[in-house]
Amino acid sequence: MHGPQPILPLELREVVLALGGRRLIDGISCRFAAGLKTVIIGPNGAGKSLFLRLCHGLIRPTAGEIVWHGAAGRDPASAQAMVFQRPVMLRRSAVANIEYALSLQGLGRRLRRERVAEVLARTGLSEIADRPARVLSGGEQQKLALARAWALRPQVLFLDEPTSSLDPGASHAIEEIVRTLHAEGTRIIMTTHDLGQARRLADEVVFLHHGRIVEHAPAPAFFDGPASPLAAAFLRGELLWRE
Amino acid sequence: MRRLAAAFAFAASLAAVSTLAADKFITVSSTTSTEDSGLFGSILPKFTAKTGIEVRVVALGTGKAIEVAKRGDADVLFVHHRPSEDKFVADGFGVKRHDVMYNDFVVVGPKSDPVGIRGMKSAADAFKKIAAAKAPFASRGDKSGTHMAELAVWKAAGVDVAPASGTWYRDTGSGMGPTLNTASGMNAYTVADRGTWISFKNKGELELLVEGDAVLFNPYGVMLVNPVKHPHVKAEMGQAFIDWLVSSEGQKAIADFKIEGQQLFMPNAK
Amino acid sequence: MSPLVEALWQAAALILHADSDLAEIVGLSLAVSLGATALAALVGMPIGAMAALFRFPGRRALVVLLDALMGLPPVVAGLFVYLILSRSGPLGFLGLLYSPLAMVIAQFILILPIVAALSRQVVEDHWREYEEQLRSLGAGPGRALPTLLWDGRFSLFTVVLAGFGRAIAEVGAVMIVGGNIAHVTRTMTTTIALEVNKGQLALAMALGIILIALAVSVNGSVHAAKHVAQRWGGQ
């Protein structure tokens, strides 16, 4: 259902992002194959959001390479989507927001209608479809952002702290949608500062600190016994204010 | 897109309006004294009724009016400063100057007349007293016919006003109306053409103090802008307007224009 | 203050008598200023949006120039257009001087920098908010331009009103290129200037009151339209 040619795996080779002389991402190498839900955690300022933006292509690395192995010369951008911490809705109806995203991909009118109706139904937004997107509640807007991403049928979905400003009910709804998307074959790569959410969603965990990957491990192993003292301290809830 | 189309349609219709009437009007570059006094408002409808030619008047000071005509932006020039008019014709910008009418300039000032020039026969002597007393004086300062007439009086009085500018001599650099408003506001002396003075509504404490001196004579001349210099000039219609002005009919229309029973301009076409 | 009271009475009388000369003058003022505003919006908004979204050589200079020209004196704009349209000027053969179209052109030049500079600010602010989301969806600056203009429409209403306000209120430019010719190029503001010249201060003030009422009603209608649109488009 996601098109014949998968763009994964995604590989980062010695990726560096330096701004004003500071190395915010400091030499990251890793590989994401198809299938899992990856949750990136780490203290504030670790570089989680920058990491996602580099993968998604919103920022160019200062050094190193980001390679989509499956893309084979094709533009990998149209097979990915991203949901941001604070949803940015256009000043038009909920439906029109999704239609706009689809029209950017060059989809015809009929196909757009079908996709919009489908994702609205599956995210429970059908009733507010014609309301102006910007008057919806925070939770509804984030659901709409997910619906918009979903309608694009991405192979990879990046989510940057998607529930950080939502109440538990809305957060639960978002997590359910993420699970459904994943069940249908979408690769999930997300950040969170909510360890509970990480435990609930992660198949594997990337622990970032000071722009470096400290651990990249399957979730059960990471949460049961982190290999590094830094991750262990983080899981205990300590502030990692020095090396 | 619809907005774009509407805007273009609008611009096009404006252009159409301005060109549709293109053959039916002439542009006359004239002075504020003829427009502000209401003379044109009184006589032009009579000309238009007779000939079907609309007369569009651009009213400026004589200096600016001549400049506009020189650039070819008018068909007829109708002003009041003889030396400039003669030069305009001599330089080839105008065809032939015709006498049309005259009125005169008057010296006005505050009712209380602190300098005491009321009723003086010589404008130059009155100006000498104003200068000696350093009484406030408002000047057009805009190279208009009135301004140049005023400067001629200063010259006759032997007073150099340049150093006094900004002290008692106030150079307003504006039209007759604004200058009278200024004089009215600060109770200053000033020179005005009689037409504007009579019709002016904001006299305040101002009163007519000196009149009748030959140096205050104010003749108006009319001339066609030279079609040789500016081929687009509507020579035929412009000449028709000039011919009408100097005809007995036009001269009567000028004489008939009165405000509060006073005749403002004396026809004097030969 | 008796002249001010008199002005109010005269304004009321002028309106009640539905003076046909007045209607003509008001009509021309509105036609010229609305025409100039529409053209300035059509040209200025894309210029402003491009200055906000694209990086090109001379962009900073353009931004500074637009900001500076917001204060362009109307007389200078008028003189510039006069020298162009004058029979002795480069476009003199068109014979447009002393026509309503000349006044539209002069006011267009006068308010273009206002519309462009303020639009640039509006679009830049929206781009800051939308950039990541739009890029993520695959829309670069070129595709974002119409989107941002549309999403900034409520702010751009105010931008257009600022342009219109300057156009309807200015006298220097239309006086020079229009010539204040009765029944042809006489607008509200040139009439007011003329009546001041005649010393008819109360009448001039009465016309001023009508002009203000006109500006208030145009602004009021736009705000009402904006209010209705906002209820449908959201915030």
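What share of the contacts in chain C with a separation of 6 or more do residues 24 or more positions apart account for? The share is 78%. Two residues are in contact here if their C-beta atoms, placed from the backbone, lie within 7 Å.

The model is predicted: local features need pLDDT of at least 70, side-chain atom pairs count only at pLDDT 80 or more, and totals for chains, interfaces and linings use all residues. Residues are numbered from 1 along each chain as its sequence is written, while chains are lettered from A and ligands numbered from 1 in the order in which they are written.

Start with the layout of chain C. It has 10 helices and zero strands. Helices (H or I, at least four residues) and strands (E, at least two) are DSSP runs, numbered from the N terminus. Along the sequence the pattern reads α-α-α-α-α-α-α-α-α-α. Taken along the principal axes, the C-alpha atoms of chain C fill a box of roughly 65 × 50 × 30 Å. Of the 235 residues in chain C, 49% are buried. A residue is buried if 20 or more other C-beta atoms lie within 10 Å of its own, exposed if 12 or fewer, and partly exposed in between; these C-beta atoms are placed from the backbone.

Helix α1(C) covers residues 2–16. Its 15 residues reach 21 Å from the first C-alpha to the last, close to the 21 Å expected at 1.5 Å a residue. The expected span is 1.5 Å times one less than the number of residues. After α1(C) comes A18(C), with a positive phi near 45°.

Now turn to the packing around α5(C). Two packed helices are described by the angle between their axes and the distance between the axes. Axes here are lines fitted to C-alpha atoms, for helices over the stretch in contact, and angles run from 0 to 180 degrees between N-to-C directions.

Take α3(C) first. This helix spans residues 59–69, and its axis comes within 8 Å of that of α5(C), crossing at roughly 125°. That angle makes α3(C) oblique to α5(C). Angles under 35 degrees count as roughly parallel, over 145 as roughly antiparallel, 65 to 115 as roughly perpendicular and the rest as oblique. The crossing of α3(C) and α5(C) is left-handed. A crossing is left-handed if the near helix is turned anticlockwise from the far one by less than a right angle, and right-handed if clockwise. From α3(C), the contact uses V63(C), L66(C), D67(C) and L69(C); from α5(C), it uses P113(C), A116(C), A117(C) and R120(C). These residues divide into six nonpolar, no polar and two charged. Ala, Val, Leu, Ile, Met, Phe, Trp, Tyr, Cys and Pro count as nonpolar, Asp, Glu, Lys and Arg as charged, and the others, Gly among them, as polar.

Next comes α6(C), residues 141–151. The axes of α5(C) and α6(C) come within 10 Å and cross at roughly 125°. Again, that makes α5(C) oblique to α6(C). This crossing is right-handed. On α5(C), the contact residues are V123(C), H126(C), W127(C), Y130(C) and L134(C); they meet A144(C), T147(C), L148(C), L149(C) and D151(C) in α6(C). The contact holds seven nonpolar residues, two polar and one charged.

Which residues of α6(C) are buried? They are A144(C), L145(C), T147(C), L148(C) and D151(C). These buried residues pack against α2, α5 and α7 (153–169) of chain C.

Helix α10(C), residues 201–233, holds A225(C). A225(C) is exposed because 11 other C-beta atoms lie within 10 Å. Its C-alpha atom is 20 Å from that of I212(C), 13 residues apart along the chain.

Finally, look at the neighbouring chains. Two pairs of chains are in contact, and chains B and C share the most contacts. There, 25 residues of chain C are in contact with 31 residues of chain B. On the side of chain C, α2 (20–53), α5 (100–137) and α9 (188–197) each give two or more residues. The largest share, four residues, comes from α2(C). This side divides into 13 nonpolar, 10 polar and two charged residues.

Towards chain A, 16 residues of chain C are in contact with 18 residues of chain A. Here α5, α6 and α10 of chain C give two or more residues. The largest share is seven residues, from α5(C). This side has four nonpolar, seven polar and five charged residues. Chains A and B do not touch; their nearest C-alpha atoms are 19 Å apart.
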